[in-house]
Amino acid sequence: MTSIWQNAKLPHFPPLRGEIHTDVLVIGGGMAGLLCAYKLQQAGVSCAVAEAKTIAGGITQNTTAKITSQHGLIYRQLTDRFGLERARLYLEANEQALAAYRTLCRDIDCDFSEQDNFIYSITDRKKLEAELDALEAMHHPAAFAENLPLPFSTVGAVKFSHQAQFHPLKFLAAISEDLNIYENTPVRQLKPGAAVTNHGKIFAGAIIVATHFPFLNKHGSYFLKLYQQRSYVLALKNAPALEGMYLDEQENGLSFRSHNGALILGGGGHRTGKTGGGWQELERFSQAHYPGTNITHRWATQDCMSLDGVPYIGPYSARTRNLYVATGFNKWGMTTSMAAAQLLTDLITGKENPYAELFSPSRSIAHPQLGINAMESAKNLLSFSPKRCPHMGCALKWNPQEHSWDCPCHGSRFTEDGKLIDNPATGNLKKRE
């Protein structure tokens, strides 16, 4: 099971052996971590990246690689929840991230192309109209679109023009070449101003945790503020050419985009550790609507979902100094990684950033999803299972599609023989399990 992006040739870096000193340590070598390191280096800040395995070897390689400020029908939700001004700030932060990609990719061969983005609905035109009303109040030039080039009927879509798509691993191969990266260097312990690895120690004035799901439970309550959701992707050869990027407004609807003559079809999602449509749902859909196509790649990805639909970017908690986090990207990791890199660079270099309060990880957690997360954790802590997650002891569930043991509480995943696949767990299952 490999994604369509894994044809890119990435540079390799040695593991850390010994002690080093740096202004900033970034833990995690995915899109968010590497963009943080790149932006900090551009700002004249010395930076090191510690990656437990190899760069872009986790969630980043499994993205659908859309770069857009249109994150579902989010702007009506944000306006209702936070008010018009904060919704506008969210839009502005993501538009700036898109613009930053556009500038960087001018000099990088990464299949970057501008595309219109569409959030469609099969049944609910009123939702689309409400989103357009919110965007009009923010003076954003969205449009209503009909007659979409999809193989089923819709009631329309909200269209954002001049969004983008790219090849994420080609992009990272280019920006990582001159960064100070240590692969196969898992951080085993954090101390004030230092990180302990298998064979060394990194002293840093500031530390950024960009490990997808934060691995420190002592601060920030991320084990309550986040859950993880899986979704599935097929790459289809011989499908009709498709211009634009498309996503259903329903949480578990379908996603479409093209790359290099292939149609990238996504969907079948579910909370990690639960059941869902998976690849079988996508295969049935492709057989019914794209007969004669061939599946060239199949892969799955995992996304950290925040309580209120807004990522957590900033100080790790109100009680930690010089420790930062970027997480909870809610399925929009490409655009949000750039927004996070720009925000964290400003915070570390002492610049004011208008989006700091919006993304603050210490904002209110009063949201219904908190109760759902807490109940899910309590239920699985009390459930019987032959396998328990080493992160916080939840009962693991067998995933028959992917042949893995998955945690419904926080999303850690393990191979059939107990090797760690996805965090927040930091080690394999114990042998006795």
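**Figure 1. An aromatic cluster in the predicted model.** In this predicted model, one aromatic cluster is formed by Tyr-120, Phe-152, Phe-256, Phe-285 and Tyr-290. The structure as a whole holds 16 aromatic pairs.

**Figure 2. The aromatic pair of Phe-118 and Tyr-246.** These two rings are stacked, at 4.8 Å centre to centre and with 5° between the planes. Phe-118 belongs to strand β4 (residues 113-121) and Tyr-246 to strand β12 (residues 245-248), so that the pair links parts of the chain 128 residues apart. Phe-118 counts as buried because its relative accessibility is 9%, and Tyr-246 is likewise buried, at 3%.

**Figure 3. The aromatic pair of Tyr-120 and Phe-152.** The ring centres of Tyr-120 and Phe-152 lie 5.6 Å apart with the planes at 50°, and the pair is therefore tilted. Tyr-120 lies in strand β4, whereas Phe-152 lies in the loop between β5 (143-145) and β6 (156-165). Tyr-120 is buried, with a relative accessible area of 0%; Phe-152 is also buried, with 19%.

**Figure 4. The largest nonpolar core.** Among the 81 residues of this core, those that touch the most other members are Val-26, Tyr-75, Tyr-101, Phe-166, Phe-171, Ile-208 and Phe-359. Helix α3 (residues 84-104) supplies the largest share, ten residues. Beyond its neighbours within four places in sequence, Ile-208 is in contact with residues including Val-24, Cys-36, Tyr-324 and Ile-348.

**Figure 5. The second largest pocket.** This pocket holds about 270 Å³ of space. Its lining has 14 residues, of which Lys-191, Pro-192, Gly-193, Arg-321 and Leu-323 are the closest to the centre. Strand β10 gives the largest share of the lining, four residues. By type, the lining comprises seven nonpolar, five polar and two charged residues.

Definitions and conventions: Residues numbered from 1 in each chain as written. Predicted model: local features only at pLDDT ≥ 70, side-chain atom pairs only at ≥ 80, totals over all residues. Heavy atoms only, no water. Core = buried A, V, L, I, M, F, W, Y, C linked by side-chain atoms within 4.5 Å. Buried < 20%, exposed > 50% of the residue type's maximum accessible area, 1.4 Å probe, protein only. Helix = DSSP H or I, 4+ residues; strand = E, 2+ residues; numbered from the N terminus. Contact = heavy atoms within 4.5 Å. 1 Å grid on protein atoms, 1.4 Å probe; cavity = no way out; pocket = protein on both sides within 12 Å on 5 of 7 lines; lining within 4 Å. Points joined across faces, edges and corners; volume = space filled by probe spheres on them. Nonpolar A, V, L, I, M, F, W, Y, C, P; charged D, E, K, R; others polar. Phe/Tyr/Trp six-rings, centres within 6.5 Å; stacked < 30°, edge-to-face > 60°.
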